[in-house]
Amino acid sequence: MNTDPPTDLTLQAEPGHLIRRAHQLAVSTFHDTHGRQVTPVQYAVLRALKAEPGIDQVTLADRVALDTSTTADIATRLDAKGWIVRELLPRRQRALRLTADGEAVLADMLPRVHPMYSRLLEPLEPDERDEFLRLLRKFVHLNEQSAGPSDQG
């Protein structure tokens, strides 16, 4: 079996280009649904903190697949908005928790998440959606082993 990539791919057939376009569609759909007050990455951080209140920034970075300095920057922004609090831990770590305002922002967003993803995946048949998501999870999982968070941006 030949595993060499074809050399005659058009741009629209290249995996990297298609992944970038899919990301653009996802971000655009997110902003159409939620506005621009919260970015998709900030949403992921809020979701992670809701699931694991008090986790440290390094663990949070791992949960949302970001490098630690980017996670620290996002935490600073969310703290400035009053959506999280950061408590200093030993060894200069910080424990992060949602504030009441952060909980409210997330609670306002959550009812729109499922309809947003339904709209995003609407071009696919129901069985294609399941297969697409299965393959996407497999793709991301397999590539997490070879690329660290700093390689993702």
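A salt bridge here is a side-chain nitrogen of Lys or Arg within 4 Å of a carboxyl oxygen of Asp or Glu. With that in hand, let's look around this predicted model.

**View 1. Arg-86 and Asp-79 join their side chains in a salt bridge.** The N to O distance is 3.3 Å. Arg-86 is partly exposed, at 24% relative accessible area, and Asp-79 is also partly exposed, at 30%. A search of the whole structure turns up seven salt bridges.

**View 2. A salt bridge connects Arg-97 with Glu-87.** Their closest N and O atoms are 3.1 Å apart. This pair links distant parts of the chain, with Arg-97 in strand β2 (residues 94-98) and Glu-87 in strand β1 (residues 84-88), 10 residues apart. Arg-97 counts as partly exposed at 34% relative accessibility, and Glu-87 is partly exposed with a relative accessible area of 34%.

**View 3. Glu-52, Asp-62 and Arg-63 form a network of salt bridges.** Between Arg-63 and Glu-52, the closest N and O atoms are 2.6 Å apart. Arg-63 sits in helix α3 (residues 57-63) and Glu-52 in the loop between α2 (40-51) and α3, so the pair ties together parts 11 residues apart in sequence. Arg-63 is partly exposed at 43%, as is Glu-52 at 26%.

**View 4. Negative charge gathers in a surface patch of Glu-125, Asp-127, Glu-128 and Asp-130.** Glu-125 belongs to the loop between α5 (100-120) and α6 (126-144). Its relative accessible area is 47%, which is partly exposed.

**View 5. His-17 is buried in helix α1 (residues 15-34).** Its relative accessible area is 14%. Leaving aside neighbours within four places in sequence, His-17 is in contact with Leu-11 and Gln-12.

Conventions
Residues are numbered from 1 along each chain as its sequence is written. This is a predicted model: local features need pLDDT of at least 70, side-chain atom pairs count only at pLDDT 80 or more; totals for chains, interfaces and linings use all residues. Side-chain values use heavy atoms; hydrogens and water are left out. Patches are made of residues with over 30% relative accessible area and no salt bridge: like charges are joined within 9 Å, nonpolar side chains (Val, Leu, Ile, Met, Phe, Trp, Tyr) within 5 Å. Accessible areas come from the Shrake-Rupley method with a 1.4 Å probe; for residues, only the protein chains shown count as cover. Lys and Arg count as positive and Asp and Glu as negative; His and the chain ends are not counted. The place of a charge is taken as NZ of Lys, CZ of Arg, CG of Asp or CD of Glu. Helices (H or I, at least four residues) and strands (E, at least two) are DSSP runs, numbered from the N terminus. Buried means under 20% relative accessible area, exposed over 50%, partly exposed in between (1.4 Å probe, protein chains only). Contact means heavy atoms within 4.5 Å.
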